Amino acid sequence: MARSLADLNMMRMNLNGDVFHAAGIPWYDTLFGRDSIISALQILPFDAELAKGTLLVNAKFQSNSSDDWRDQEPGKIAHELRRGELANLKLIPQTPYYGTVDATPLFLILLTEYVNWTGDIELVKLLENNVDRALEWIDVHANMEGNGFIYYAVKSPLGIYNHGWKDSPDSISRSDGTLAKQPIAVAEAQGYVYMAKKGLAPLFRRIGRKSDAARLEREAEELKERFNREFWMEDKQFFAQALDADGVCDVISSNPAQCLWTEIIDQRYAKCLVNRIFRDDMFTEWGIRTLSSKEKRYNPLGYHNGTVWPHDNAIITMGLRKYGFIKEMSLLFTGMYEAAREFDDFRLPECFGGLTRSEYGIPVKYPVACSPQAWASGAIPYMLTACLGITPDALNNRLIINRPHLPSWLDNVQFNNVKVGNTLTDLNFRRVEEETLVNVSKRSGDINVLIKY
């Protein structure tokens with residue numbers, strides 16, 4: 001935890017007064033929309049103000065126009081910003097570049113989660129126009145096939161082919177080894193849209209937009225039904241990695257596992273998904289691979305085709321918590337914690353090899369991984385938050401602790417000054433045999449702490 005939070009502090013950048021995390025060192029020491037948002041989400045319980053800066057800086061670079069050179073469309077949140085000679089001479093499109101399908105819904109998710117922690121409804125009002133433009137991009141520009149899913153297709157001659165977080169050219173594929181054809185709708189991005197719309201609805205009610213809130217809830221439920229119907233692969237008892245121009249990208253991958261976090265997965269499919277990601281071809285005992293070792297494009301040192309990414313596993317861990325898979329949540333946290341102990345200074349890198357623990361004994365380094373990288377540094381704090389079962393509800397002056405669970409190697413956690421709204425609470429979590437007990441040792445302000453065992 002000390003290493004993670006110190007590294008995140010080191011990667012802070014300031015752009016015209018707005019503070020955010022650079023994506024990673026040395027390759028990505030700049031603003032990346034997706035990375036800055038996810039790392040801010042991961043440390044909300046520890047520093048909510050960082051999330052506010054992240055929202056403001058991404059809002060300032062939100063697109064107002066269309067420009068194919070930069071894969072830019074109105075309402076879209078930027079992917080990457082570069083400064084320097086190439087950018088000044090417009091020889092590269094990163095000025096900023098907008099080749100990301102998921103930064104826009106993630107921007108909306110960060111806003112909703114930030115308000116859950118802080119109760120800062122005034123920021124919602126300040127960013128109301130940005131929110132509306134982001135929703136319009138989701139519903140109009142990204143809805144390329146008119147079926148309610150969000151897709152991407154590169155237009156820039158110097159753009160990147162894949163616009164999800166797995167953005168290497170060969171990261172989205174079929175079981176026969178062929179690559180996905182654009183337009184492409186990756187599984188996790190549909191979940192992000194669902195989570196964003198569900199989260200925005202109560203905020204819209206707070207600012208007097210009741211009809212829009214009801215519309216968002218309706219659209220979210222329609223998307224959930226459509227996703228579970230179109231992405232579910234009955235023959236494999238798993239969800240597709242993506243839909244593309246030719247149909248279904250039917251590989252077994254970590255993409256749909258992130259959908260647990262968004263809660264778009266229908267309860268009847270959750271157990272099948274969870275059981276599948278913990279089979280030997282997906283789970284290395286350190287973490288879950290990006291791609292099954294049984295797939296044709298699997299490579300344990302392929303950037304997105306078999307490596308283990310800490311941030312990916314952290315998001316999945318939080319999803320396991322939400323669906324009640326406490327044992328599996330603890331197993332994933334334990335694997336990543338033990339992996340971190342094997343790296344210099346306990347620093348989790350951007351990713352590491354997908355080779356099994358039982359065969360190699362230590363996590364195998366990915367040769368050119370960023371270290372530190374912001375969302376890798378946020379992985380352990382986010383996994384710990386998942387295990388503690390903390391859910392904020394600042395607008396209703398509540399802090400909910402649901403089924404806390406410390407893994408066997410962790411006996412006690414003292415979490416001081418948990419800030420929800422304007423209140424501060426000290427919490428002590430203590431493992432007693434198989435149970436984890438919580439003691440509220442100090443409380444400042446009007447907060448109702450609800451503990452559910």
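This is a predicted model: local features need pLDDT of at least 70, side-chain atom pairs count only at pLDDT 80 or more; totals for chains, interfaces and linings use all residues.
Helix α11 itself spans residues 267-277, and its buried residues are Tyr269, Ala270, Leu273, Val274, Arg276 and Ile277. Viewed down the helix axis, these buried residues fall within an arc of 160°, so they line one face of α11.

The largest nonpolar core has 131 residues, and Trp261 and Ile265 touch the most other members. Helix α8 (residues 187-206) supplies the largest share of this core, with 11 residues. Apart from this core lies another one, of eight residues, with Phe20, Leu31, Val57 and Ala78 among them. In soluble globular proteins, nonpolar side chains tend to be buried together.

Not counting residues up to four places away in sequence, Ile265 touches Lys224, Phe227, Asn228, Phe239, Pro256, Cys259, Leu260, Ala270, Leu273 and Tyr323. Lys224 is buried yet has no salt bridge, and the nearest side chain of opposite charge, Glu221, is 5.1 Å away. Beyond its neighbours within four places in sequence, Lys224 is in contact with Tyr194, Glu263, Ile264, Ile265 and Asp266.

Other charged side chains do pair up, and the structure holds 30 salt bridges. In one of them, the side chains of Lys52 and Asp120 meet at 3.9 Å, N to O. This pair links distant parts of the chain, 68 residues apart: Lys52 is in helix α3 (residues 48-60), while Asp120 is in the loop between α5 (103-118) and α6 (121-126). Lys52 counts as partly exposed, at 27% relative accessibility, whereas Asp120 counts as buried, at 17%.

A second salt bridge joins Arg209 and Asp132, whose closest N and O atoms are 2.9 Å apart. This pair also links distant parts of the chain, with Arg209 in the loop between α8 and α9 and Asp132 in helix α7 (residues 128-141), 77 residues apart. Arg209 is buried, with a relative accessible area of 16%, and Asp132 is partly exposed, at 28%. Both belong to a network of salt bridges that links Glu128, Asp132, Asp139, Lys197, Arg209, Asp212, Arg215 and Glu219.

A further salt bridge is formed by Arg174 and Asp244, with the closest N and O atoms 2.7 Å apart. Arg174 is in the loop between α7 and β3 (185-186) and Asp244 is in strand β6 (residues 242-244), so that distant parts of the chain, 70 residues apart, are linked. Arg174 counts as buried at 13% relative accessibility, and Asp244 is buried too, with a relative accessible area of 7%.

Leu86 is in helix α4 (residues 85-88) and is partly exposed, with a relative accessible area of 48%. Leaving aside neighbours within four places in sequence, Leu86 is in contact with Leu91 and Ile92.

Technical notes. Residues are numbered from 1 along each chain as its sequence is written. Side-chain values use heavy atoms; hydrogens and water are left out. Buried means under 20% relative accessible area, exposed over 50%, partly exposed in between (1.4 Å probe, protein chains only). Lys and Arg count as positive and Asp and Glu as negative; His and the chain ends are not counted. A salt bridge is a side-chain nitrogen of Lys or Arg within 4 Å of a carboxyl oxygen of Asp or Glu. Contact means heavy atoms within 4.5 Å. A nonpolar core is a set of buried Ala, Val, Leu, Ile, Met, Phe, Trp, Tyr and Cys residues joined through side-chain atoms within 4.5 Å. Helices (H or I, at least four residues) and strands (E, at least two) are DSSP runs, numbered from the N terminus. The arc is that of the directions from the helix axis to the C-beta atoms.
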